[in-house]
Amino acid sequence: MFERFTKDAREVVQGAVTHAERAGVRSIGAEHLLLALLDREGSRASFAFAALGLAERKDAVREALAEARRRAGLTRADADALAGLGIDVTEIVAKVEEAHGAGALSGDRRDAGAWSGRRTFEPDAKDVLEGALRAAVGHRDRRIGDEHLLLALTVRPGVPAEVLADHGVTQESLRRVLYGEGTAAQAG
């Protein structure tokens, strides 16, 4: 599949590895792919971000991802469901961080020693890569670009899709910007 990736898509994957390394984690998640997409300039994904008004709000997306990481990767919907059961995630995070330090639930295990091995992809990141292939095939694109990775992130349930949607980037808005889909239905 990687042979079908454009230079931009390959750079996103490499950027995701870099983000995982900086975070001190051993595997690459969907969040790392989104962080790498936010770093891009001059690509189809960066064009889509600009067209949807996200170019100026990338830091807000990064902050929202960091906040979700502090909640051990729980989406707001997960936290709300737990609240319905009487479990206050914010309170739990505060207590754990009080005892073990800021970011204790984030999974960033910097104290686990140096990691020199090859980083693996978490199931959510693998789903995004497979989803990018499906997005490319669905649009009859011969290559998988960074825009396909972005589309795949909006489809897969989880923190990246939630954060993107909160900032106005949905599958529908991306399809409209990237492919002009949905504009005829809106005009009619």
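**Loops, core and salt bridges of the predicted model**

Arg140 is located in the loop that runs between α7 and α8; helices (H or I, at least four residues) and strands (E, at least two) are DSSP runs, numbered from the N terminus. The structure is a predicted model, in which local features need pLDDT of at least 70 and side-chain atom pairs count only at pLDDT 80 or more, whereas totals for chains, interfaces and linings use all residues. Residues are numbered from 1 along each chain as its sequence is written, and side-chain values use heavy atoms, with hydrogens and water left out.

Although Arg140 is not a glycine, its phi is positive, at about 60°. Most residues other than glycine have a negative phi. Arg140 has a relative accessible area of 77% and is therefore exposed. In this classification, buried means under 20% relative accessible area, exposed means over 50%, and partly exposed lies in between (1.4 Å probe, protein chains only).

The largest nonpolar core contains 42 residues; a nonpolar core is a set of buried Ala, Val, Leu, Ile, Met, Phe, Trp, Tyr and Cys residues joined through side-chain atoms within 4.5 Å. The residues with the most contacts inside this core are Leu34, Leu37, Phe49, Leu149, Leu150, Leu164 and Leu174. At least two core residues are supplied by each of α1 (7-23), α2 (30-39), α3 (44-51), α4 (58-70), α7 (123-138), α8 (146-155), α9 (159-166) and α10 (171-179). Helix α2 provides the largest share of the core, namely seven residues. In soluble globular proteins, nonpolar side chains tend to be buried together. When residues up to four places away in sequence are not counted, Leu174 touches Ala48, Leu52, Leu150, Leu151, Thr154, Val169 and Tyr179, where contact means heavy atoms within 4.5 Å.

Leu85, Ile87 and Ile92 make a nonpolar surface patch of about 280 Å². Patches are made of residues with over 30% relative accessible area and no salt bridge, with like charges joined within 9 Å and nonpolar side chains (Val, Leu, Ile, Met, Phe, Trp, Tyr) within 5 Å. Accessible areas come from the Shrake-Rupley method with a 1.4 Å probe, and for residues only the protein chains shown count as cover. Ile92 belongs to helix α6 (residues 89-100), and its relative accessible area of 40% makes this residue partly exposed.

Charged side chains were then considered. A salt bridge is a side-chain nitrogen of Lys or Arg within 4 Å of a carboxyl oxygen of Asp or Glu, and by this rule the count comes to nine salt bridges. Side chains of opposite charge can pair when their charged atoms come close. One of the salt bridges joins the side chains of Arg40 and Glu11 (2.8 Å, N to O). This pair links distant parts of the chain, as Arg40 lies in the loop between α2 and α3 and Glu11 in helix α1, 29 residues apart. Arg40 counts as buried because its relative accessibility is 12%, whereas Glu11, at 27%, counts as partly exposed. Beyond its neighbours within four places in sequence, Arg40 is in contact with Asp8, Glu11, Val12, Ser46, Lys58 and Asp146.

A second salt bridge is formed by Asp59 and Arg62, whose closest N and O atoms are 3.2 Å apart. Both residues lie in helix α4, three residues apart, about one turn of the helix. Arg62 is partly exposed, with a relative accessible area of 26%. In a further salt bridge, Arg156 is paired with Asp127, and the closest N and O atoms are 3.2 Å apart. Arg156 lies in the loop between α8 and α9 and Asp127 in helix α7, so the pair ties together parts that are 29 residues apart in sequence. Arg156 is partly exposed at 27% relative accessible area, and Asp127 counts as partly exposed at 32% relative accessibility. Through salt bridges that share partners, Lys7, Asp8, Glu11 and Arg40 are joined into one network.

Finally, His167 lies in the loop between α9 and α10. His167 counts as buried because its relative accessibility is 13%. The C-alpha atoms of His167 and Leu52 are separated by 8.9 Å, while the two residues are 115 residues apart along the chain. Leaving aside neighbours within four places in sequence, His167 contacts Leu54, Arg57, Ala60, Val61 and Ala64. A polar atom of the His167 side chain lies 2.8 Å from the backbone oxygen of Val163.

Methods:
A polar contact is a pair of N or O atoms within 3.5 Å; within protein, one must be able to donate a hydrogen and the other to accept it, and residues adjacent in sequence count only if both atoms are side-chain atoms.
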